[in-house]
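Please walk me through the charged pairs in this protein.

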Amino acid sequence: MTDAAELGLDPDAIATKSIQDAIRAEKTRRWQAENRAAMDAWNEWTDRNGLPLAKYRMF
């Protein structure tokens with residue numbers, strides 16, 4: 001900890017940020033797993049039918 005203080009780092013802030021990042025990543029992973037079937041169905045639909053409103057895209 002003294003090395004961190006000497007370098008001007010805040011170990012508590014770094015630990016808090018790391019925990020927040022890990023929580024966010026896990027929530028994202030779980031959401032994707034729970035919604036995988038819906039995402040696959042949508043991707044399959046767009047493969048067959050194309051993007052909705054594609055004719056209005058400017059790019």
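**Salt bridges**

The structure holds six salt bridges (a salt bridge is a side-chain nitrogen of Lys or Arg within 4 Å of a carboxyl oxygen of Asp or Glu). This is a predicted model, in which local features need pLDDT of at least 70, side-chain atom pairs count only at pLDDT 80 or more, and totals for chains, interfaces and linings use all residues. Residues are numbered from 1 along each chain as its sequence is written, and side-chain values use heavy atoms, leaving out hydrogens and water.

Q: Which residue forms a salt bridge with Lys-17?
A: Side chains of opposite charge can pair when their charged atoms come close. Here the closest N and O atoms are 2.8 Å apart. Both residues lie in helix H2 (residues 11–34), four residues apart (helices are DSSP runs of H or I, at least four residues, numbered from the N terminus). The partner of Lys-17 is Asp-21.

Q: Which residue is linked with Lys-17 and Asp-21 in a network of salt bridges?
A: Lys-17 is partly exposed, at 46% relative accessibility (buried means under 20% relative accessible area, exposed over 50%, partly exposed in between, with a 1.4 Å probe and protein chains only). Asp-21 is partly exposed too, at 32%. The network also holds Arg-24.

Q: Is Arg-48 buried or exposed?
A: Arg-48 meets Glu-44 in a salt bridge, 2.9 Å from N to O. They are separated by about one helical turn because they sit four residues apart in helix H3 (residues 36–49). Glu-44 is partly exposed, at 47%. With a relative accessible area of 54%, Arg-48 is exposed.

Notes:
Helix = DSSP H or I, 4+ residues; strand = E, 2+ residues; numbered from the N terminus.
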